[in-house]
Amino acid sequence: MFILQHLPIVCLVLSGHLCVVISLCSSKLENSLFDDLIGRMLKLKGTGHVGQGNASIQKDTPGFSFYLTSAQTASANAIVKFNKLWTNTMNAYDVTTGVFTAPIPGLYHFSAVLMSVTGKSLFLHLWNNDTNTAGSFTIGDGHKTGSFDVVFKLKKGDRVYIRCSSSCNGQKIYSSNNNYSTFSGYLIAE
């Protein structure tokens, strides 16, 4: 929460909402009114009426969203490593290994979109620990996309990752600066 002041207009930003107030009163009265308003809002925030989803809660909620910026050659049984991030709260996704590790137990949603090189096949699996849970197979003319969209109940320390099948040696996952191939996951509920 912060206040931007430039008389005669005052902007108040709270929990991502912008309020603009045109002030025609003295600065002393204006400051007193805003102090009172902020105090009341902070009291409400503690009751859960305001500020749900605020930064203090979000930083403790595991979630990640990574993408590839260029094509990646897949070798048999290798884990796909997404190299660029949009978000990685709690650093639960390890860019060096390509593995998401649940920092807290709960219900998690994972999704991925993976694009093949034009005219080539691509066969990948989504893994939960050492269990193959879902497969994606693309084949045909042009670029094709395969996807995963799953919900897992995870224990602390459980791992989720995308791995090439044993038969995908030399296949390529396509991406470019348009970020066609992505992998995301986040906690839904504890």
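I started with Tyr-186, which sits in strand β15, residues 182-189. A strand here is a DSSP run of E with at least two residues, numbered from the N terminus. Before going on, I noted that this is a predicted model, where local features need pLDDT of at least 70, side-chain atom pairs count only at pLDDT 80 or more, and totals for chains, interfaces and linings use all residues. Residues are numbered from 1 along each chain as its sequence is written, and side-chain values use heavy atoms, with hydrogens and water left out.

(Buried is under 20%, exposed is over 50%, partly exposed is in between, with a 1.4 Å probe and protein chains only.)

Next I checked the surface around that residue. Tyr-186 belongs to a nonpolar patch with Leu-107, Val-151 and Ile-188, about 340 Å² of accessible area together. (Such a patch takes residues with over 30% relative accessible area and no salt bridge, their nonpolar side chains joined within 5 Å; a salt bridge puts a side-chain nitrogen of Lys or Arg within 4 Å of a carboxyl oxygen of Asp or Glu.)

Then His-109, found in strand β9, residues 106-116. His-109 counts as buried, at 17% relative accessibility. Its side chain makes a polar contact of 2.4 Å with that of Asp-149. (That term means N or O atoms within 3.5 Å, one able to donate a hydrogen and the other to accept it.) Leaving aside neighbours within four places in sequence, His-109 also has Tyr-186 and Ile-188 among its contacts, meaning heavy atoms within 4.5 Å.

Last, the sheet. I read off five strands in an open sheet, ordered β7-β8-β13-β10-β11, with antiparallel pairing. (Two strands pair if DSSP finds at least two bridges between them.) β7 (93-94) and β11 (131-138) are the edges with a single partner strand each, so one side of each has no neighbour in the sheet.

What joins β13 to β10? I found five bridges, between residues 159-164 of β13 and 122-128 of β10. Trp-127 is bridged to Tyr-161, and Asn-128 to Val-160. Strand β8 (residues 99-101) is joined to β13 by two bridges, and Phe-100 has Val-160 as its bridge partner. Five of the six residues of β13 are buried, so I noted this strand as largely enclosed by the rest of the structure.

Notes. Helix = DSSP H or I, 4+ residues; strand = E, 2+ residues; numbered from the N terminus. Patch = residues over 30% accessible without salt bridge, like charges linked within 9 Å, V, L, I, M, F, W, Y side chains within 5 Å. Areas by Shrake-Rupley, 256 points an atom, 1.4 Å probe, with all protein chains shown as cover.
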